[in-house]
Amino acid sequence: MHSPIATERLHATTDHFLRPDQNLNNSQESWIHAHLTQSEDPIKGRQLRVSQPVQKGELLLVDRPYALIPVVDSPDQSEDIRCSNPACHRRVARTVERVSCPNRCSADVVWCNSSCREADKARHEFECTWLKKFASSIRSKWGEYDYGMLWLIVRILASRHVQVQQNTMSNCEDRLGQSTFNPFKSGWNAIWSFCGSQESWSHSQVRHWTLLVKKYLGNSPSLPHGLKPNDVLALICREEANSFGLYPRETGVFPCPDRLVDRGEQFGAGVYPTAAIANHSCCPNIIHKPDDQGRMVFIASKDIAPGEECCISYFDLTRFVDLKIRREHLQASFRFLCKCERCISEEPPAEKLEWDAFPSTDDF
């Protein structure tokens, strides 16, 4: 017999969590619950909290990506590739007639129709020359991960470029549907306020990124972003610490159901201005999943008390179960030791830790 959360996990659709009065109009770009606030912790940095009680199942956040890339093996055959237009980002089925870039810059770049391509013209023109010049060589020399990271950075810079052109460099550009005052930063201001610095990463990793910036992300006619190399490197450090992998099923159901169902195969990666504020917990109270437009959706997976922090899981809890494995993964991928309630409760007793500190008989 599965618990209600386990049943929700198996259904694996965001719509299953939304009550009828919470369904959003697709024309809304982003939406933030009126009781969702942010605070600052001297150790953890920015946090999401609720100011009033929130019930399990309530919609807390719908956040449109500032930049998103597809992550698929064979774009021509994939059913998961997304429309490149940021205002759409819907799945473009293989059975429909996709609209490709006339310059054939990349097979990963497609649109639903000619209208979406026209609406995305200014943003895509920024990335098109770069993709045509570097996409194949980066993939063959550095692999898919570095290519995806570099392309996501280029798309962030492209969104920034469009934002500058439209003179929308403000903190209140998103339509949040709640008031004219928005305490959450948005657009480029939000991206640049992400946590993450060179000190957070190993020297070898920073050296590698520095090399990639020099070879592929310098300010040039093919990539006219106007930033200094150190600023681009700082952007990579922020992006790598805050971007989301996109999966077809939700992340963060806890306790895990008896019959484990993972979140599926990754189909994209994106950066989200508000969702990135959420910190990690191995016993999260938020489930997250992208909707059919690539917007990140946060749903309360349990009742949340006033003042309580709203946390997500940074990884699939069905894959990393044991304390040691979870902590090793977080340390390697996100550079911190998790001290959430679950991890603390699963630590060995202090007496055992003290004995473990002594040399074993094998050492003599």
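Predicted model: local features only at pLDDT ≥ 70, side-chain atom pairs only at ≥ 80, totals over all residues.

Trainee: What is the general idea of a salt bridge, and how many salt bridges are counted here?

Mentor: Side chains of opposite charge can pair when their charged atoms come close. In this model the count comes to 13 salt bridges. One of them joins the side chains of Arg123 and Asp120, with 2.7 Å from N to O.

Trainee: Are Arg123 and Asp120 buried or exposed?

Mentor: Both Arg123 and Asp120 are buried. Another salt bridge links Glu127 with Arg155, whose closest N and O atoms are 2.8 Å apart.

Trainee: Which parts does the pair of Glu127 and Arg155 tie together?

Mentor: Glu127 belongs to helix α3 (residues 121–142) and Arg155 to helix α4 (residues 144–165), so this pair ties together parts that lie 28 residues apart in sequence. To judge burial, recall that a residue under 20% relative accessible area counts as buried. Glu127 has 0% relative accessibility, so it is buried. Arg155, at 3%, is buried as well.

Trainee: How does the salt bridge of Glu346 with Arg342 lie in the chain?

Mentor: The closest N and O atoms of Glu346 and Arg342 are 3.0 Å apart. Both residues sit in helix α9 (residues 341–346), and they are four residues apart, about one turn of the helix. Glu346 is partly exposed, with a relative accessible area of 33%, whereas Arg342 is buried at 10%. Elsewhere, salt bridges that share partners join Asp120, Arg123, Glu127 and Arg155 into one network.

Trainee: Where is Ser84 found, and what does Ser84 touch?

Mentor: Ser84 is in the loop between β5 and β6 (99–100), and with 3% relative accessibility it counts as buried. Its side chain makes a polar contact of 3.3 Å with that of Arg155. Leaving out residues up to four places away in sequence, Ser84 touches several residues, including His89, Asp108, Trp111, Asp120 and Arg123.

Trainee: What is Trp130 in contact with?

Mentor: Setting aside neighbours within four places in sequence, the contacts of Trp130 include Leu150, Trp151, Val154, Tyr216 and Leu217.

Trainee: How should I read a helix such as α6, and which of its residues are buried?

Mentor: Helix α6 has 14 residues and reaches 20 Å from its first C-alpha to its last, close to the 20 Å expected at 1.5 Å a residue. Its buried residues are Val206, Trp209, Leu212, Val213 and Tyr216. Seen down the axis of α6, the buried residues fall within an arc of 120°, so they line one face of the helix. They pack against α3, α4 and α7. The face of α6 turned away from this buried side carries the exposed residues His203, Arg207 and Lys214.

Methods. Residues numbered from 1 in each chain as written. Heavy atoms only, no water. Salt bridge = Lys/Arg side-chain N within 4 Å of Asp/Glu carboxyl O. Buried < 20%, exposed > 50% of the residue type's maximum accessible area, 1.4 Å probe, protein only. Helix = DSSP H or I, 4+ residues; strand = E, 2+ residues; numbered from the N terminus. Contact = heavy atoms within 4.5 Å. Expected span 1.5 Å × (residues − 1). Arc of directions from axis to C-beta. Polar contact = N/O pair within 3.5 Å; in protein donor to acceptor, adjacent residues only side chain to side chain.
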